[in-house]
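Dear colleague,

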Amino acid sequence: MRKSNRASIILAVTFAVVFTASNVHPQSESPDDERWKELDEAGGKAFAEGRPVDAEKLWKSALQLAERFGSEDGRLMISLNNLAELYLNQAKYPDAEPYQKRTLALMEKRLGSEHALVVQSLNNLSKLYWVQGKYTEAEPLARKLLAIVEKVAGPEDPDVAQVLNNLAEVYKAQRKYADAEATHKRALAIREKSFGAEDPEVAQSLNNLAELYKVQGRNNEAEPLYKRSLAIGEKVLGAEHPDVATIQEKYAELLRKMNRKAEAEKLEAQAKAIRAKQAKGTP
């Protein structure tokens, strides 16, 4: 659910290019301008070096200065986003939420709802609600995100399938099973059309749909989906890939629910062997 530190830094650089290019006037830079830049860069360095406490102090100081520049100044959005990313990276979700919400509001006002950075910020806020179990807050954002991506990329773009997958999981968490099923099925259809029948993303959609059926007790509908997902994983990723172990574990859970203990134990043993080999660092 989270981006890596590297991805966060790249996003911050993109923010800088988009938001500050029109604001930089070297001939008239004030001490506050210079100090904000120093604090922002020092915070980024601390974040990249794994010093979150230092990064937080530096970026909070940068935000205090950025507030003086006004809500239209891109540096304010950079500082807000930096702190949101910092807290998300540490799983401090309640701390991240107000910064992420404010970042999104300012970005939508300045860039418009369809800008790539706005889409990313909207996605981040939806996921932030999701991980906190705030599903009623996550759902409208996920639906809004879907409408934007469909409009910009087209209704059958693979990016739409990923958004559909996330929305379906929000529905599932709220026990809106009919909505979740229709949404997962649409994601599966897009991925099959885009990537072919034997692709890891297709396997993911099959597994997601199988999980949905399993929680509803629709075991006979779930099993063929697990079988197909497992077959794709073994063929495309290899029989000892950790994702294959995950499918085996999920499938074994279903078999136990169906009182097929021997088959479940066989899959569990295979998954355990994969996990053990990976833990030893064996290629």
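Ala 91 is partly exposed, with a relative accessible area of 43%; here buried means under 20% relative accessible area, exposed over 50% and partly exposed in between, with a 1.4 Å probe and protein chains only. Although Ala 91 is not a glycine, its phi is positive, at about 60 degrees. The residue sits in the loop between helix 4 (74-89) and helix 5. Helices (H or I, at least four residues) and strands (E, at least two) are DSSP runs, numbered from the N terminus.

Before going further, two notes on the source are in order. The model is predicted, so that local features need pLDDT of at least 70 and side-chain atom pairs count only at pLDDT 80 or more, while totals for chains, interfaces and linings use all residues. Residues are numbered from 1 along each chain as its sequence is written, and side-chain values use heavy atoms, with hydrogens and water left out.

Overall composition

The protein chain has 13 helices and zero strands. Of its 283 residues, 42% count as buried. Contact means heavy atoms within 4.5 Å. Among contacts in the protein chain between residues at least 6 apart in sequence, 59% join residues at least 24 apart.

Arg 175 is exposed, with a relative accessible area of 66%.

Helix 6

Helix 6 covers residues 116-131, and its 16 residues should span 22 Å at 1.5 Å a residue; the end C-alpha atoms are 23 Å apart, which agrees. The expected span is 1.5 Å times one less than the number of residues. The buried residues of this helix include Leu 117, Val 118, Leu 122, Leu 125 and Tyr 129. Ser 126 also lies in helix 6 and counts as buried, at 8% relative accessibility. Leaving aside neighbours within four places in sequence, Ser 126 is in contact with Ala 138, Leu 141 and Ala 142.

Aromatic pairs

A pair of aromatic rings is described by the distance of the centres and the angle of the planes. Rings of Phe, Tyr and Trp (its six-membered ring) pair if their centres lie within 6.5 Å; planes under 30 degrees apart count as stacked, over 60 as edge-to-face and the rest as tilted. By this rule the count comes to four aromatic pairs. One of them, formed by Tyr 87 and Tyr 99, is tilted, with 5.8 Å centre to centre and 35 degrees between the planes. This pair links distant parts of the chain, as Tyr 87 is in helix 4 and Tyr 99 in helix 5, twelve residues apart. Tyr 87 counts as buried at 3% relative accessibility, and Tyr 99 is buried with a relative accessible area of 18%.

Tyr 226 and Tyr 251 form a stacked pair, with 5.7 Å centre to centre and 15 degrees between the planes. Distant parts of the chain are linked here too: Tyr 226 is in helix 11 (residues 219-236) and Tyr 251 in helix 12 (residues 242-257), 25 residues apart. Both Tyr 226 and Tyr 251 are buried.

Cavities

A search of the whole structure finds two cavities of 30 Å³ or more. On a 1 Å grid over the protein atoms alone, a cavity is a set of points where a 1.4 Å probe fits but cannot get out, and lining residues have an atom within 4 Å of a point. Grid points are joined across faces, edges and corners, and a volume is the space filled by probe spheres set on the points.

The second largest cavity has a volume of about 30 Å³. Its lining is made up of Ser 71, Glu 72, Met 77, Leu 106, Lys 109 and Arg 110. Helix 5 (residues 93-111) gives the most to this lining, with three residues. The lining residues divide into two nonpolar, one polar and three charged; Ala, Val, Leu, Ile, Met, Phe, Trp, Tyr, Cys and Pro count as nonpolar, Asp, Glu, Lys and Arg as charged, and the others, Gly among them, as polar.

Helix 3

Arg 68 lies in helix 3 (residues 52-69) and counts as exposed, at 58% relative accessibility. The C-alpha atoms of Arg 68 and Asp 32 are separated by 8.9 Å, with the two residues 36 apart along the chain.

With kind regards

Conventions. 1 Å grid on protein atoms, 1.4 Å probe; cavity = no way out; pocket = protein on both sides within 12 Å on 5 of 7 lines; lining within 4 Å.
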